[in-house]
Every structure is written in C-alpha cells, then in structure tokens.
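Colleague: I have just opened this entry and would like to learn how to read it. Could you walk me through the main features?

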Amino acid sequence: MNKTDRLLAIVLELQRNDVLRAEDLAAKFETSVRTIYRDIQALSEAGVTVIGAPGQGYSLMEGYFLPPVSFTVEEAVTLLIGTDFIEQRFDDYYGSKSRTSREKIEAILPEPVRDEAFRIRKSFRLFAAAEEVAKVQEKAYLEAIRRAILVEKKIRFRYSKRIAEVDGNRQSVRTVAPYGLVLFQGAWVLIAKCELRQDIRHFRLSRMRELTGLEDNFKLPADFHLDVYQPPDDRNIRVRIQVQADIADKVKEANNFYTETIEDHPEGLLVTFRVRQPEELLQSVLGWGSGVVVLEPESFRDRVRDEIEKMLKRY
C-alpha cells in the first residue's frame with residue numbers, strides 16, 4: 001500500500017473507531033509504529049483533525065467527516081430544496097443552520113452541476129406561511145420545546161382545546177414531560193405525558209400560550225419510540241354526509257383528517273367520517289354550506305340545525 005492510500009485508510013479506520021493506538025494501526029497496515037507517527041503528522045499538516053492522547057491513542061475530532069466526492073444534479077436539487085423546507089418549517093436555530101448548509105453545498109458543487117441545479121430549482125417553490133405574530137411565537141415555542149426534550153426537562157403552558165368541556169371552558173394549564181415533536185398536515189404537534197390527564201396527549205403548538213420551561217426532570221420511558229409511536233384509535237363514532245356534485249371537489253380537496261370513505265354517486269358524494277365526537281366536524285360541515293346534508297347520527301343533525309338557528313339570529 002502506498003503512502004497516499006494508507007493515509008486515506010487511516011482516516012477511514014479512525015472514523016470507524018473511537019480511539020486507535022499507533023501499534024494497532026501499524027499492525028493493521030503491516031508497517032512500523034514510526035511510519036504511523038509520520039503518517040499522523042502528515043494528516044495533521046493536511047488539515048485532518050487528529051487528536052493524540054499519550055498512552056491512549058489517536059481519534060478524530062468530533063464532527064470531522066470526509067466531504068462528499070460529488071452530487072448528481074438530482075441529489076443537489078433534493079438537498080437544496082430540503083434546506084428551504086427546514087428554513088421555513090423549523091425554528092430559527094435550525095433555520096440559520098439550513099442557510100449555512102445551503103451555502104456550503106452550493107460552494108462544493110462543480111459549476112455545471114450548480115448551474116443545472118439552480119435552473120431546475122427555479123421550477124420549484126415552497127411558499128412560507130405568512131409571518132403573523134402567532135407563527136413567530138410558534139417557532140419560538142418549537143425551539144424551547146426542542147431544547148426541553150433534549151435535556152429532559154418538563155414544561156408548562158396554557159392550552160386552548162378545540163372542543164370545549166361540558167361547562168363550556170376551553171382553557172387549561174398543562175404541565176407535561178415532552179417526548180417528541182411531529183409535523184402533521186403542516187402543523188407542529190407535541191407528544192407529551194400530561195400530568196393533568198396522567199397519560200400521553202397531543203398538543204398543537206399553535207394553541208399554546210405562556211410556555212415556560214421548568215427545572216423538573218423526567219425520564220423518557222424505555223418503551224417509547226417516536227418513530228414507531230401510534231396513538232390509540234378511539235374514534236368510535238361514524239358520521240355520514242351527502243355532498244352535492246357541484247362542491248364534491250371542495251370536500252375532496254379538504255382532505256379532512258377524519259375521513260374514512262368517499263363513495264361517488266350520480267347526485268354527489270357519500271362521505272363517512274370516524275370521530276371521537278361529532279363536534280369535531282361541526283365547523284367543516286357548516287363551512288360547506290347548503291351543499292352538504294348530514295345523514296347520521298340524528299343527534300349531529302340536530303346540533304347543526306341548532307348552530308344554524310343561532311347564526312340566523314345574529315343576521
């Protein structure tokens with residue numbers, strides 16, 4: 001093995017192992033310890049961040065990696081669009097990291113690949129949400145929660161439920177152990193162990209107010225894995241509606257989370273939803289107006305009728 005090949009091989013060995021002694025490397029490459037010393041010196045002079053500890057061995061500085069040899073146009077476009085998405089959807093910390101990552105990716109691309117990637121990228125566009133106060137606040141909460149998850153500290157916030165309690169109250173103060181964050185249908189959702197409910201609950205960041213970090217520690221359960229977590233399906237009530245043909249496309253495009261089946265009929269659509277409580281569909285049904293008729297359950301038909309009567313009184 002010539003010196004150039006051996007130097008590259010040493011870096012690869014150091015990447016695969018936390019610490020290696022000069023004697024280990026000498027045995028691996030069938031050379032002398034003195035030669036390994038010279039090789040490590042050559043790598044250091046070339047800018048490879050090799051750390052040596054007397055009596056322990058050599059290691060690579062944390063974060064060091066070999067740069068990629070090349071990207072295809074498609075790979076470059078994928079990475080650049082990914083940085084755009086991170087900048088828009090994540091908090092300011094990762095937003096800044098996405099911008100510097102984009103600059104580094106563009107810097108290492110060969111000019112023909114960079115030009116072609118730029119041309120293709122111009123045919124895509126990710127629209128950022130309007131920077132309303134709520135969106136700015138949501139990003140700040142995202143960063144605070146992300147940090148709380150990493151250091152395993154509890155948080156407290158005021159939360160507005162979508163559906164009011166029996167007494168009409170929608171507000172509550174929650175203290176939770178944050179387990180993970182999920183981006184679902186364009187909205188950030190916190191998965192957390194709620195002290196009030198003594199169970200895992202889901203909280204939309206857009207409904208949080210007055211979030212504060214606490215000094216109370218928690219331990220993530222050994223059997224909880226966010227990548228495979230599935231919430232219990234307790235949607236046991238079915239709601240069926242008849243949709244007129246002229247607004248069928250609007251109902252389909254709504255892509256309602258609770259939709260179970262959509263059946264085409266000459267007069268329109270027959271849509272079945274599965275919900276925890278029919279109230280979860282009230283705003284959607286009212287928003288579709290007279291083009292929709294609730295078929296069942298009868299109690300929900302009455303609820304829609306009552307709401308329409310209240311609206312008529314206001315007008």
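Modeller: We will go from the overall form to the sheets and then to the helices. Keep in mind that this is a predicted model.

Colleague: Let's begin with the whole chain. How many helices and strands does the chain have?

Modeller: There are 10 helices and 11 strands in the chain. Along the principal axes, the C-alpha atoms fill a box of roughly 90 × 50 × 35 Å.

Colleague: How many bridges join β5 to β6?

Modeller: Strand β5 (residues 187-194) is joined to β6 by 6 bridges, and the two run antiparallel. To find your place in that pair, look for Ile191, whose bridge partner in β6 is His202.

Colleague: And where do the side chains of a strand point?

Modeller: In a regular strand they alternate between the two faces of the sheet.

Colleague: Which strands are at the edges of the 4-strand sheet?

Modeller: That open sheet has the order β9-β10-β8-β11, with antiparallel pairing. Its edge strands are β9 and β11 (292-296), each of which pairs on one side only. From one strand to the next, the twist averages 20°.

Colleague: What joins β9 to β10?

Modeller: A hairpin does, through 2 residues. Strand β9 (residues 259-265) and strand β10 (residues 268-275) run antiparallel and are joined by 6 bridges; within this pair, Ile262 has Val271 of β10 as its bridge partner. Next to that, strand β8 (residues 237-244) pairs with β10 over 8 bridges, again in the antiparallel sense.

Colleague: Which helix lies across β8 and β11?

Modeller: Helix α10 (residues 298-314) does, running at about 145° to β11.

Colleague: How should I read a pair of packed helices? At what angle do α4 and α5 pack?

Modeller: Start with the angle, then the handedness, then the residues in contact. α4 and helix α5 (residues 92-108) pack at about 160°, with their axes 8 Å apart. That angle is over 145 degrees, which means α4 is roughly antiparallel to α5. Their crossing is left-handed. Among the residues that meet are Leu79, Leu80 and Thr83 in α4 and Tyr94, Gly95 and Ser98 in α5. By class, this contact has 5 nonpolar, 4 polar and 5 charged residues.

Colleague: And are α4 and α6 parallel, antiparallel, perpendicular or oblique to each other?

Modeller: Helix α4 (residues 73-89) packs against helix α6 (residues 111-121) at an angle of about 55°, with their axes 9 Å apart, and the two are therefore oblique to each other. α4 passes α6 in a right-handed crossing. The contact is made by Val73, Ala76, Val77, Leu80 and Asp84 of α4 with Val113, Glu116, Ala117, Ile120 and Arg121 of α6. By class, that contact has 7 nonpolar, no polar and 3 charged residues.

Methods: Residues are numbered from 1 along each chain as its sequence is written. This is a predicted model: local features need pLDDT of at least 70, side-chain atom pairs count only at pLDDT 80 or more; totals for chains, interfaces and linings use all residues. Side-chain values use heavy atoms; hydrogens and water are left out. Axes are lines fitted to C-alpha atoms, for helices over the stretch in contact, and angles run from 0 to 180 degrees between N-to-C directions. Angles under 35 degrees count as roughly parallel, over 145 as roughly antiparallel, 65 to 115 as roughly perpendicular and the rest as oblique. A crossing is left-handed if the near helix is turned anticlockwise from the far one by less than a right angle, and right-handed if clockwise. Contact means heavy atoms within 4.5 Å. Ala, Val, Leu, Ile, Met, Phe, Trp, Tyr, Cys and Pro count as nonpolar, Asp, Glu, Lys and Arg as charged, and the others, Gly among them, as polar. Two strands pair if DSSP finds at least two bridges between them.
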